[in-house]
Amino acid sequence: MKTVSIEVRPGEPHEAAAIADVHRVSWLQAYGGLIPHRPLVKMVNRRDETWWRKATRGPATLLVVDVAGKIAGYATLGLSRARALPQEGEIYEIYLRPEYQGLGLGRMLFGEAKSLLKSLGCEGMVVWCLEESELAYNFFLSAGGRDVAEGMEDFGEKYLKKVGLVWK
């Protein structure tokens with residue numbers, strides 16, 4: 001029987017290319033058909049290996065889920081940007097490569113990110129997602145999030161509604 005190691009840990013600068021690849025494939029899969037093609041490709045291309053190398057050293061925390069030495073997903077988190085909400089922490093992003101979705105790795109990564117925010121002294125947490133992104137919205141609802149806020153995101157050619165889900 002073969003044992004596969006799964007670990008959630010901070011992302012490292014030398015993993016920037018792998019994280020950029022996870023970002024690219026997961027965003028194209030998650031937002032293709034929701035966000036217009038040109039703005040989506042522009043957003044994806046802006047976050048290349050150099051961008052992610054800087055992100056591993058930046059003010060936001062970057063966690064990765066490592067499956068047998070391969071970066072399967074990532075989460076970024078830090079202080080909440082929503083000043084109107086009482087929650088102090090925020091998970092900015094959480095994404096998995098499509099082939100790793102549905103295996104429980106998202107829940108594992110989400111749980112670690114949530115625990116880390118709490119250990120840093122953040123009272124409560126918020127996550128924003130596009131309302132039309134049913135997979136993400138249902139994931140956060142099933143993880144106990146309460147839909148309490150909304151806003152709009154401008155993607156150049158199209159405005160999309162985003163929702164804020166919170167945890168105590």
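Trainee: Which residues form the nonpolar patch on the surface with about 240 Å² of accessible area together?
Mentor: This is a predicted model: local features need pLDDT of at least 70, side-chain atom pairs count only at pLDDT 80 or more, and totals for chains, interfaces and linings use all residues. Residues are numbered from 1 along each chain as its sequence is written, and side-chain values use heavy atoms, leaving out hydrogens and water. A patch takes residues with over 30% relative accessible area and no salt bridge, joining like charges within 9 Å and nonpolar side chains (Val, Leu, Ile, Met, Phe, Trp, Tyr) within 5 Å; areas come from the Shrake-Rupley method with a 1.4 Å probe, and for residues only the protein chains shown count as cover. The members are V4, I6 and M108.

Trainee: What is the relative accessible area of V4?
Mentor: V4 is found in the segment before β1 (6-10), where strands (E, at least two residues) and helices (H or I, at least four) are DSSP runs numbered from the N terminus. Buried means under 20% relative accessible area, exposed over 50%, and partly exposed in between (1.4 Å probe, protein chains only). V4 counts as partly exposed because its value is 47%.

Trainee: How many salt bridges are there?
Mentor: Side chains of opposite charge can pair when their charged atoms come close. The rule asks for a side-chain nitrogen of Lys or Arg within 4 Å of a carboxyl oxygen of Asp or Glu. By this rule the count is 12.

Trainee: How far apart are the closest N and O atoms of D21 and R24?
Mentor: D21 and R24 are 3 residues apart in helix α1 (residues 16-31), so about one helical turn separates them. D21 is partly exposed at 27%, and R24 is partly exposed at 38%. Their salt bridge has a closest N and O distance of 2.8 Å.

Trainee: How many residues apart in sequence are the parts that R47 and E93 tie together?
Mentor: The side chains of R47 and E93 meet in a salt bridge (2.8 Å, N to O). R47 lies in the loop between α2 (37-46) and α3 (49-55) and E93 in strand β4, so the pair ties together parts whose separation in sequence is 46 residues.

Trainee: Which residue has its backbone nitrogen 3.1 Å from a polar atom of the S80 side chain?
Mentor: S80 lies in the loop between β3 (70-79) and β4 (89-96), and is buried because its relative accessible area is 10%. The backbone nitrogen at 3.1 Å belongs to A82.

Methods:
A polar contact is a pair of N or O atoms within 3.5 Å; within protein, one must be able to donate a hydrogen and the other to accept it, and residues adjacent in sequence count only if both atoms are side-chain atoms.
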